[in-house]
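Please walk me through this model.

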Amino acid sequence: MLLKKEYTLAGISVLCWGTVATVTKILAGQLDAMFALAFSFLFASLFLFLYNWKQGNLSKLRRTSKGTLMRMVGIGSLGVLFYNLFLLLGEVTLPAQVAFLINDLWPALIIVFSCIILKEKFTIAKLVAIVFSILGIFISTSNGDFGFLLHTSMQGVIFCAMAAICYGLYCTLNKREDYDKGISVFVSYLSGSVIAFIWVFATGKFHLPDVPETIAMAFNGIIANALPYLTWAMALDLGNTAIIANLAYLTPFVSLGVTHFILGEKVTAYSFLGLFLIIAGIGLQMYMQEGARKRTARQLDAAKESF
């Protein structure tokens, strides 16, 4: 039996995102971070330009106000430029698995930022999700050695945590915007590429990449960034949002497998235990929120019947 189209599209996104830790680790070990991002974002921008052109979305860009464009650039820089930059810098001194798991703080940070910025209610379910995420990351990164902070690169940990903060802020701030997300992500990658190239030229680090470098940066820009965003957006449009969104939590498992087979990093029981806690916290939050929603619905139905 063939999978429904939305699940196929979501699966493509999960597989692509699962390569992020590995490809950024490879790039971090070979190239200057800004140089790698400049070309990666250029490839992503070209891919997204062609997609939006084919979909007839470029006319929306011409009608977009300067204020909206500035918000696209500002918010997009958090989720594209600074997120990828901090993740690359973090992976210079950390194993790819550890960096990716620290980066998995972003769902918990979305909860925190949504309460602070969007004034959403802070609940016990949200607190549980945050605590589970922090415990999961601590167990994964410690690998059973609870004095690991004494001999772990704190710089790498801080950079990966900053990446999670940037992406959490990006997702939260995007919630209150009503602009076209396909156009906004194109603007985000294009502006990120321009900023990165300006930095590379200003610091005298520009050079023409060789073939292997070009392939790696094209893969990062298109396969690890632009393509999964598009397939994810299409999957959400076609399928049940709640079901599709849950599939994103398969990404860390894919990432552990890719880093193991490509980079040769050992997958330990602590990695799985930490990952399980992170996902369990998010799952418990969703379960408690769904229960609260059903109770509210029953109360409203009872109130209607009483009249």
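**Confidence, then a helix pair**

The protein chain has a mean pLDDT of 81, with 84% of its residues at 70 or more; pLDDT is the predictor's confidence in each residue, from 0 to 100. This is a predicted model, where local features need pLDDT of at least 70, side-chain atom pairs count only at pLDDT 80 or more, and totals for chains, interfaces and linings use all residues. Residues are numbered from 1 along each chain as its sequence is written, and side-chain values use heavy atoms, leaving out hydrogens and water.

Helices are DSSP runs of H or I, at least four residues, numbered from the N terminus.

Now take S114. It sits in helix α7 (residues 106–117). S114 is buried, at a relative accessible area of 1%; buried means under 20%, with a 1.4 Å probe and protein chains only. Leaving aside residues up to four places away in sequence, S114 touches K119, E120, T172 and K175. Contact means heavy atoms within 4.5 Å.

Next, the helix pair. α7 packs against helix α9 (residues 154–175) at an angle of about 50°, and their axes are 8 Å apart. Axes are lines fitted to C-alpha atoms over the stretch in contact, and angles run from 0 to 180 degrees between N-to-C directions.

Terms used:
Helices (H or I, at least four residues) and strands (E, at least two) are DSSP runs, numbered from the N terminus. Buried means under 20% relative accessible area, exposed over 50%, partly exposed in between (1.4 Å probe, protein chains only).
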